[in-house]
Amino acid sequence: MNYTQVAILFLQGALIAFIVLLLFRFRKKLGIGLLLACLGLLQFLQVFISSSVYVSITNNFFVSPGSSILFTVTVFALLIIYIKEDAGETKKVIYTLLIVNILVIVLLKLFGWNLDEISANKPFSVLTNLFDSRVWVLLTGIVALLIDTLLIIVIFEFIARQIRFLFLQIFVTMLLVVSFDTVFFSIIAFWHSDNLGSIIQAGLISKGVFTGFYSLIFYIYLKFFDLSKPLTRVFKIKDVFQPLTYKQKFESAEKVIQETTEMYRILTEHSNDMVFLHEPNSTFRYVSPSIKKLLGYEQSEFIGKQVFSVVHKEDLKFLKEVLTKKMFSKGIVSDAIPLRIRHKQGHFIWLEFSSSRVYKADKISYFVTSARDITQRVLAKNKIEDALKELEKKEHSLSEASKVAKIGYWEYDIVTDTFTWSDYMYTIYGIDPKDGIPTQKELISFYDKESQEKIEQVIKEIAVKGVSCDVELKFINLQNEVVWERTVAKSIYNEQNEVIGRVGVMQNITASKKAQLELELSRKKMQTSLELLEKKSYALDEVSKMAKIGYWEYSNEHVNFIWSDYHYEIFGLDPKKGIPPREEIVEFFDKESQEKILSANTDLGLKGNSYDIELKLINKNKEEIWVRNIVQPVYNNQNKIIGRRGLLQNITASKKAELALKLSKENIQISLEMLEKKDYSLHESSKMAKIGYWEYVIATDTYTWSDYVYQMYGLTPNDGVPPHKEAIKVCDKESLDRLLQATLELNTKGTPYNVVLKLINRKKEEVWVRNVAKPIYNKQNEIIGRRGVLQNITEWKKAQLELELSKQKIQSSLDLLEKKDYSLTESSRVAKIGYWEYDIATDSFTWSDYVYEIYGFSPQDSIPSRKSMVAFYGKDS
């Protein structure tokens, strides 16, 4: 390959392209004529060079610079002029090139006559091969150029609609044009030549290469050097050769105006929106026919009148304020204004008005206003707002219930490996909701090894077998708190019955779990009672009846009770016979209990005070029953007490055990009552329980304290845990000796201890505590630390020092009560008890989720009316 000639050809092409683009760049200053003269010159040189100069690229491949460089740049010049200028300039170039080609033919023929008289010796070595050019070939070039011009416009317009990239638009257009020109010109001009195939091949290759070369150069120019926007191409092909006369332009413009007028007439007559013109004082000048469809009025009923007569009275004041203050004219109001407009038939519909100003001599002449019917949108919006308020109310109730019950909801998507949490889940894990939900791997890392193994097993069973799970797990949250939680989970399936995730609830059972761990340190008698309570708890999980808890509600207005099933069993009654009158119910109780009920109800009715009392009754079956009655008032929207509701728990077994404790001294009984009150408070708050948890690691000589331990020491959690030596300084000498001796036996023999200590804390307060501890072992059965609970027994100690003699009995009663209260918390879900509330003023119900399940409804369904609900019951009910 002749690389020198290839380089020369590209250098020539770059130089010619530079000259053409330079003249095109300065066409506004120098005039388009200079560019036309240049293209005419290139056309002449193309004819001359094409007939005399061919360059050998390879042994069998020849290229003419005239056709590959000069012709290609000419058609590129036509395209760029068409892109950046109007059709008139494009026509000038076409006419120029056509005239130049015709003049070249005529002049070559005319001056060629002189060659007939030139002698064979050709004086001055004049080259005559230019004048030997055939007229047929030149005419073919003229026709080809004309067709090329048409193809450039047609193909570019088509390609521009299909391809967005400018370079590809130019390249594809010019490649198709020069390919057509090469084939067309070669076949017409050299149809008799034996080398026709080689001529076509050489032309396609050479022109194709320079097409790509020029496409890149012209694209760079248009992209980075000529940033002026091209005129919108609205020409037709015939416009290239047939300029429009002024009359044609006028007629065309008039036709466009007529079509536009007709289009706007159709729009105003058939549009669902109302369009009107009105003066600044709101007097109508024009109203579109759609007023008939929207408001039922005729156009004539509004022309010359104002809108005030049909505006809703509640919206009239606002509209007048807007117009009075000229808020529109000052540009203050720019948004659409919704107003209620009276229909001719008397009802109101919502219209949304949007106005724009029309100026005349810098003054507002009138307003153009459109009005759209938004009645359905407003009604839908109101309905959505009502639904959102109801949903917000329900969500708030659920959120509050979740916090009280310490229960969180979660859902896991296997495909995306993401969790969805309710608010209380963040509280359990000690995470700020702003930080987002950790990944499954990060969450599992919070748990201890045993819990991690349980989690792994549960995940396998849910994913593979699709079985539900109910497990208790232990972890340390981000607040460095030891948390015990109970998780109940089940699988989520897709339409193909494939497991795609899992859903469940998590309950914080830390308090109850700590109480359960403390029971392990009790004596055999305490353990026996614990086992009984555990069986009772298991029974509570299976059926509400076995939970020995009944729910009741009393309405002052209707003077009637509502009972759960277990109520009937407590009173020894048949549910089929209904609830007896209040007087008969009171007769079941002994005199002392009746007085308690009367006093508590009177206090509740007058002051709204809740109560928690123990009562004794003899039921229908002549059985002596002890019950615990926890009652709170029911208020209406006016904060007036309209009834009361509560829980009735059968505490006969525990009461008999409690009565056995009454054989002790009176001071022990007083302490037990204090503990019962304290136990009830434990259910509400860990702080009120006055019990703290601690753990000590020998290797690191560090303590871990729960919050209440700080309080007993007169510290705050922000102060941090003091060192071991400093922590024990708060004990008096006798307590310190007792603690050191117990600690020594625990460290050396593994003996748990249960000691009572006297402290003087940082606030100089005298505090009596009960310290119960046991050793911590490693896998080699070596003692590596100790853990225990610290209970503030100051009130007990001060109330009666004899409590030390009956410590085990008191602790037994405390643990029984703690376990009983824990059972109450767990039984609410599994006891199949639903909560409902009825508002007399609005005649509406509020249901918990399980009530929906009882009635066979979905929580997404609306609650039926009271009348509809009665239809569900049998005749006896």
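Are K207 and D181 buried or exposed?

Modeller: Both K207 and D181 are buried, where buried means under 20% relative accessible area, exposed over 50% and partly exposed in between, with a 1.4 Å probe and protein chains only. The model is predicted, so local features need pLDDT of at least 70 and side-chain atom pairs count only at pLDDT 80 or more, while totals for chains, interfaces and linings use all residues. Residues are numbered from 1 along each chain as its sequence is written, and side-chain values use heavy atoms, with hydrogens and water left out.

The side chains of K207 and D181 form a salt bridge with an N to O distance of 3.1 Å; the term requires a side-chain nitrogen of Lys or Arg within 4 Å of a carboxyl oxygen of Asp or Glu. This pair links distant parts of the chain, K207 being in helix α8 (residues 196–224) and D181 in helix α7, 26 residues apart. Helices are DSSP runs of H or I with at least four residues, strands are runs of E with at least two, and both are numbered from the N terminus.

V178 also lies in helix α7, which spans residues 166–189. Its C-alpha atom is 6.6 Å from that of K207, although 29 residues separate V178 and K207 along the chain. Apart from neighbours within four places in sequence, V178 is in contact (heavy atoms within 4.5 Å) with T72, V75, K207 and T211. V178 counts as buried because its relative accessible area is 1%.

R787 forms a salt bridge with E695, at 3.5 Å between the closest N and O atoms. R787 is in strand β22 (residues 783–792) and E695 in strand β18 (residues 691–697), so this bridge ties together parts 92 residues apart in sequence. R787 is classed as partly exposed because its relative accessible area is 24%. Salt bridges also link E314, D315 and R340 in a network.

Elsewhere, strand β3 (residues 274–278) runs antiparallel to strand β4 (residues 284–287), and 3 bridges join them; strands pair if DSSP finds at least two bridges between them. F276 has V287 in β4 as its bridge partner. The two strands, β3 and β4, form a hairpin with 5 residues between them, and S282 in the turn has a positive phi of about 75 degrees.
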